[in-house]
Amino acid sequence: MSELKGYLVHNFMSEDFLFKKLKEKSDLDALRGLRLQGEQADYFSNDYLGIVKNGLIEKHLGHHHYAHGSTGSRLLAGNYAKIEETEHEIAGFHKAPAALIFNSGYDANFGLLACIAQRGDLILYDKLSHASIRDGVRQSFANSSSFAHNHLNELELKLKNRPVSDSGNCFVVTESVFSMDGDRAPLSEMADLCDRYDAHFIVDEAHATGFAGEQGEGCVQSSGLSNRCFARIHTFGKALGCHGAAILGSYALRQFLINFCRPFIYSTAISPASVAAIGASYKIFPNMNQERAILKNLISLFDYPCFNKSDTPIQCFIAPGNEKVKKISESLFNNNLDVRPILYPTVPLDKERLRITLHSFNSVDETKLLVENLLKTVEN
Ligand SMILES: Cc1ncc(COP(=O)(O)O)c(C=O)c1O
């Protein structure tokens, strides 16, 4: 309640409805607030390879300057040679026929899922899918159903027993590396099911891009599944240290999105400066093998039962209860370790957790200290 004091001071009668909803959140101990980054060791940003921390994009671009405004949507004034060249390069790197750049991963997932399936189609998606996927599914005219996290049998049952009313196209959606748990989807088995039941496979590679695969190309490509995916979403705001995303797929898919995807059509295009940064990152991250090796070593320090089994830079420590998980985060903060709590309802009740993200710039000593601190909370 004390977190709401500021709101009380400025509480105009006409805004009572805002206060009521905020109080509900506060009563759940789940009121969100913005916090500035301090001097503490970073175990919460998605800058896995340290591209932002080390200013690598700025160093790569040097004295080249690019415009910060794009002056319109892609279909009007906002299309330019650099954005098309960069799409071409991204498609080439990921060995896809075509790529289309979006302003964010949220826009890409939301826009794709909202427009791709029609009435009579069916979307099946992993229950732990990111909000951008779920929001897009909700916006779609197609019916949808979630399957239990990474549960192949349940997915197969849902594919096998499709109601006649949903007998149009079927889309299966997952993340290659899950944003909250850091575990991976069984992509190869899912692709087999999609082939067997004639479904279109869509994979969000947000947390795999830059990390997974020999050159950070992602899980789909490194598992040889590129040709079996209908669409892949690569976001640029995480390991790539930029902003934006690309949807990879066929030329027909690209053309379809240009015509039907509302966040693409009705929004000002990403600026040349942002596109230059994305292009620079695609020159930088494929060569960051040393950073990927450092990350793998840090990940190995989390081999204890209290952490979920994850071989990615996202580790998670479940501490049920919003109050409890916030307390542990505060105590780590006082020990110079910044790990952010993820609260209910962002994650299911009793699955509140510390989401620990590892970076190539985290030292072994500070990471060991973090693990020791968390192990102590289990003993107590
Ligand atoms: C799995 C996943 N997909 C998509 C997104 C959205 O990407 P962006 O931050 O570029 O909007 C995120 C980011 O939180 C994510 O974790």
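Where is P345 found? P345 sits in the loop between strand 11 (340–342) and strand 12. Helices (H or I, at least four residues) and strands (E, at least two) are DSSP runs, numbered from the N terminus.

## Basis of the model

This is a predicted model, in which local features need pLDDT of at least 70 and side-chain atom pairs count only at pLDDT 80 or more, while totals for chains, interfaces and linings use all residues. Residues are numbered from 1 along each chain as its sequence is written, and side-chain values use heavy atoms, with hydrogens and water left out.

## Backbone exceptions

Most residues other than glycine have a negative phi, and most peptide bonds are trans. The peptide bond from Y344 to P345 is cis, and its omega is near 10°.

K95 is not a glycine, yet its phi is positive, at about 55°. This residue lies in the loop between helix 4 and strand 2 (98–102). K95 is exposed, with a relative accessible area of 62%; exposed means over 50% relative accessible area, buried under 20%, and partly exposed in between (1.4 Å probe, protein chains only). D198, also a residue other than glycine, has a positive phi near 55°. D198 belongs to the loop between helix 8 and strand 6 (200–204), and it counts as exposed at 64% relative accessibility.

## Helix 7 and helix 8

Helix 7 (residues 152–160) packs with helix 8 (residues 187–196) at an angle of about 10°, and their axes are 11 Å apart. Axes are lines fitted to C-alpha atoms, for helices over the stretch in contact, and angles run from 0 to 180 degrees between N-to-C directions. Helix 7 and helix 8 are therefore roughly parallel to each other. Angles under 35 degrees count as roughly parallel, over 145 as roughly antiparallel, 65 to 115 as roughly perpendicular and the rest as oblique.

The crossing of helix 7 and helix 8 is right-handed. A crossing is right-handed if the near helix is turned clockwise from the far one by less than a right angle, and left-handed if anticlockwise. On the helix 7 side, L152, L155, E156 and L159 meet E189, M190, L193 and R196 of helix 8, where contact means heavy atoms within 4.5 Å. By class, this contact of helix 7 with helix 8 has 5 nonpolar, no polar and 3 charged residues. Ala, Val, Leu, Ile, Met, Phe, Trp, Tyr, Cys and Pro count as nonpolar, Asp, Glu, Lys and Arg as charged, and the others, Gly among them, as polar.

## Helix 4 and helix 12

Helix 4 (residues 81–93) and helix 12 (residues 272–284) pack at an angle of about 25°, with axes 10 Å apart. That makes helix 4 roughly parallel to helix 12. The crossing of helix 4 with helix 12 is left-handed. From helix 4, K82, I83, T86, E89, I90 and F93 meet V275, A276, I278, G279, Y282 and K283 in helix 12. The residues of this contact divide into 7 nonpolar, 2 polar and 3 charged.

A81 lies in helix 4 and counts as exposed at 53% relative accessibility. A280 is placed in helix 12 and counts as buried at 2% relative accessibility. Not counting residues up to four places away in sequence, A280 touches I57, H60 and L61. A280 and L152 are 128 residues apart in sequence and 38 Å apart in space, C-alpha to C-alpha.

## Buried residues elsewhere

S360 lies in the loop between strand 12 (353–357) and helix 15 (364–379). At 12% relative accessibility, S360 counts as buried. A polar atom of the S360 side chain lies 3.1 Å from the backbone oxygen of L49. Leaving aside neighbours within four places in sequence, S360 is in contact with Y48, L49, G50, E291, I294 and L295.

N373 is a residue of helix 15 and counts as buried at 14% relative accessibility. Residues up to four places away in sequence not counted, N373 touches L332, N335 and L337. C229 has its place in the loop between helix 9 (219–222) and strand 7 (231–235), and it counts as buried at 14% relative accessibility. Apart from neighbours within four places in sequence, C229 is in contact with F201, V203 and V220.

Conventions:
Polar contact = N/O pair within 3.5 Å; in protein donor to acceptor, adjacent residues only side chain to side chain.
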